[in-house]
Amino acid sequence: MDQTLSAGLERLGLSLDPQVRADLVRFGQAVIEKNKVMNLTAITQPDQVAELHLLDSLTLLKVLPLEGKSLLDVGTGAGFPGVPLKLAVPSLRLTLLDSLQKRMRWLQEEALPELSVEARFLTGRAEDFAQTHRERFDVVASRAVARLDVLCELCLPFVHQGGYFLAMKGAGAAEELKEASRAIQLLGGSFERTEAFDIGGVTHRVVVIHKTRLTPAQYPRAWARMKQKPL
Ligand code: SAM
């Protein structure tokens, strides 16, 4: 895992301290170990964990400077992309959000304390936290949670004006972006750019959305409504 991680970091033009690399590998190994008894991820080979979880998460370091920023990871699952980012940038003020209690308890009570990593935890549905944690975060990031139109409604309310929403997407990014253009506008966002990264021979894309106006109070709607009738 260490070799794949080091080679990938070089490819991305990222330089991290040996101690940070060692902590990233420890976290990757902890995911593999826990996955034997708890469903955390379909990716279980060490090389793939290095590429598809660790390096993919770290691409966000190439998109925005994160030092000292507050970042919310919506639908973090086993901690991606939030935990690798916090390991790489200790000054990041990280909040992890997911509705799956078992995964969140593992992160909060085992995985993060073992790495001496501090984070805040919001266990529940994103749409339910959007009123209490509205317009609060410098950056919101999310990977593999929903299509972009629905994801924007889940995530943009949390971003403060002037902040950014980073949506980690695959090959379908351009099509999803077309579908989501009305939602981005209605929710107070403005599409800025898409960045592409080669991860394990596959192009991954990060859609960068700037929050330029407040999100109207009626968003996000209830989950069923969002899914049934995306904006
Ligand atoms: N982001 C992680 C990754 O890329 O490895 C996990 C992706 S997993 C496929 C999707 C996660 O999003 C699940 O853990 C699920 O519980 C969470 N999720 C989906 N919809 C959500 C919502 N509305 N609020 C909170 N969590 C949600």
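Because the model is predicted, local features need pLDDT of at least 70 and side-chain atom pairs count only at pLDDT 80 or more, whereas totals for chains, interfaces and linings use all residues.

**The ligand**

At Ser 99, look instead at the backbone, where an N or O atom lies 3.4 Å from a nitrogen atom of the ligand. Taken alone the ligand exposes 600 Å², and the protein buries 81% of that (areas by the Shrake-Rupley method with a 1.4 Å probe; for residues, only the protein chains shown count as cover).

**The nonpolar cores**

Next, select Phe 27, Leu 58, Trp 106, Leu 107 and Leu 166, the residues with the most contacts inside the largest nonpolar core, which has 53 residues. Such a core is a set of buried Ala, Val, Leu, Ile, Met, Phe, Trp, Tyr and Cys residues joined through side-chain atoms within 4.5 Å, where buried means under 20% relative accessible area, exposed over 50%, and partly exposed in between (1.4 Å probe, protein chains only). Helix H2 gives the most to this core, with six residues; helices (H or I, at least four residues) and strands (E, at least two) are DSSP runs, numbered from the N terminus. Centre on Leu 58 and, leaving aside its neighbours within four places in sequence, find its contacts (heavy atoms within 4.5 Å), among them Leu 5, Leu 24, Pro 84 and Ala 88.

**Salt bridges**

The structure holds 14 salt bridges, each a side-chain nitrogen of Lys or Arg within 4 Å of a carboxyl oxygen of Asp or Glu.

Begin in helix H2 (residues 18-34), where Asp 23 and Arg 26 lie three residues apart, about one turn of the helix, and form a salt bridge whose closest N and O atoms are 3.4 Å apart. Asp 23 is buried, with a relative accessible area of 14%, while Arg 26 is partly exposed at 43%. Beyond four places in sequence, Asp 23 is in contact with Leu 87 and Leu 115.

Now move to Glu 153 and Arg 221, whose closest N and O atoms are 2.8 Å apart in a salt bridge. Glu 153 lies in helix H7 and Arg 221 in the loop between strand E7 (202-211) and helix H9 (223-228), so the pair ties together parts that are 68 residues apart in sequence. Both ends are buried, with Glu 153 at 1% relative accessible area and Arg 221 at 17%.

Finally, select Glu 175 and Arg 147, which meet in a salt bridge of 3.9 Å, N to O. This pair links distant parts of the chain, 28 residues apart, with Glu 175 in helix H8 (residues 173-186) and Arg 147 in the loop between strand E4 (137-143) and helix H7 (148-155). Glu 175 counts as exposed at 53%, whereas Arg 147 is partly exposed at 40%.

How values were computed
Residues are numbered from 1 along each chain as its sequence is written. Side-chain values use heavy atoms; hydrogens and water are left out. A polar contact is a pair of N or O atoms within 3.5 Å; within protein, one must be able to donate a hydrogen and the other to accept it, and residues adjacent in sequence count only if both atoms are side-chain atoms.
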